[in-house]
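Hi,

Here is the structure I promised to pass on. Please open it first, then read my notes below.

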Amino acid sequence: DADGVAGLDRIAAVDAGIPVVVVSERAEDGVALAALHKGAQDCVPPGELAGPAGVRILRHAIERQRLMLEARRREAHRATHDPLTDVPNRTLFYDRLAQAMAAARRYHNTLAILFVDLDGFKPINDTLGHQAGDRLLRTVAGRVGRILRRAATLARLGGDEFTISLSQVAKPADAATVAENLLRRIAQPVRLGSEERSVTASIGIAIFPGDGELADALVRNADTAMYEAKKPGGNAFAFYERRMREA
């Protein structure tokens with residue numbers, strides 16, 4: 001029920017992923033270019049769609065559209081995920097954290113931020129090389145991701161630092177239970193080439209809204225608590241307390 005190139009806008013409004021072949025008597029002039037600019041996969045004269053040639057044209061249009069959409073998905077994924085561990089990056093983490101905080105305000109819930117830093121990561125990089133360090137980071141990210149619930153977001157901020165947001169935390173003890181599980185899981189040995197190595201982690205915990213009502217403040221306070229957990233030698237977690245900043 002649409003005529004001309006403008007009909008492509010109506011199709012895209014229904015489903016932008018539909019592959020479109022425009023049939024036009026003017027396929028050789030500006031109509032073809034206009035159709036392609038609007039997202040069509042091809043523009044052909046009416047006679048070309050008859051018989052096997054037409055089937056081939058449609059099949060190629062469908063495949064080109066599939067490849068285009070796949071490339072867009074990969075590009076969007078790369079923009080929001082860490083290239084080494086494939087977990088969300090800083091940008092996506094803060095976006096999801098903002099949404100989780102808005103929901104927590106609306107429904108008067110609490111949420112927890114866990115700031116995770118690996119203990120003894122630098123010596124592994126120095127003695128076994130960066131490939132071993134990268135393998136370790138991928139292994140840790142996989143282990144942590146398998147522990148977390150769907151209501152949690154794991155992200156890598158960079159280096160050996162990870163952050164986790166836990167939505168719908170009923171009480172601080174729930175965050176402590178998650179932290180204990182993470183410490184046990186992370187400390188399990190990892191095969192790095194011909195060697196087995198173990199690392200531990202230090203985890204800082206900040207609770208929304210008591211420990212910060214802005215995302216940056218919440219993450220910063222969880223980071224401060226993480227350094228408190230490192231003081232006895234790591235492999236521990238600590239909740240943020242205001243005295244930590246005063247010190």
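A word on exposure first: a residue is buried under 20% relative accessible area, exposed over 50%, and partly exposed in between (1.4 Å probe, protein chains only). This is a predicted model, in which local features need pLDDT of at least 70, side-chain atom pairs count only at pLDDT 80 or more, and totals for chains, interfaces and linings use all residues. Residues are numbered from 1 along each chain as its sequence is written, and side-chain values use heavy atoms, with hydrogens and water left out.

Aromatic pairs

Rings of Phe, Tyr and Trp (its six-membered ring) pair if their centres lie within 6.5 Å; planes under 30 degrees apart are stacked, over 60 edge-to-face, and the rest tilted. The structure has two such pairs. Phe-93 and Tyr-94 are edge-to-face, because their ring centres are 5.7 Å apart and their planes meet at 85°. Phe-93 is buried, at 0% relative accessibility. Phe-237 and Phe-239 are also edge-to-face, with centres 6.2 Å apart and planes at 80°. Phe-237 is partly exposed at 26%. Phe-239 is partly exposed too, at 27%.

Strands are DSSP runs (E, at least two residues), numbered from the N terminus. Two of them pair if DSSP finds at least two bridges between them. S4 covers residues 152-158; six of its seven residues are buried, so the rest of the structure largely encloses it. S4 pairs with S5 (residues 161-166) in the antiparallel sense, over six bridges. Leu-154 has Ile-164 in S5 as its bridge partner. Two residues separate the strands of this hairpin, and Gly-159 in the turn has a positive phi of about 55°.

Best wishes

Definitions and conventions: Helix = DSSP H or I, 4+ residues; strand = E, 2+ residues; numbered from the N terminus.
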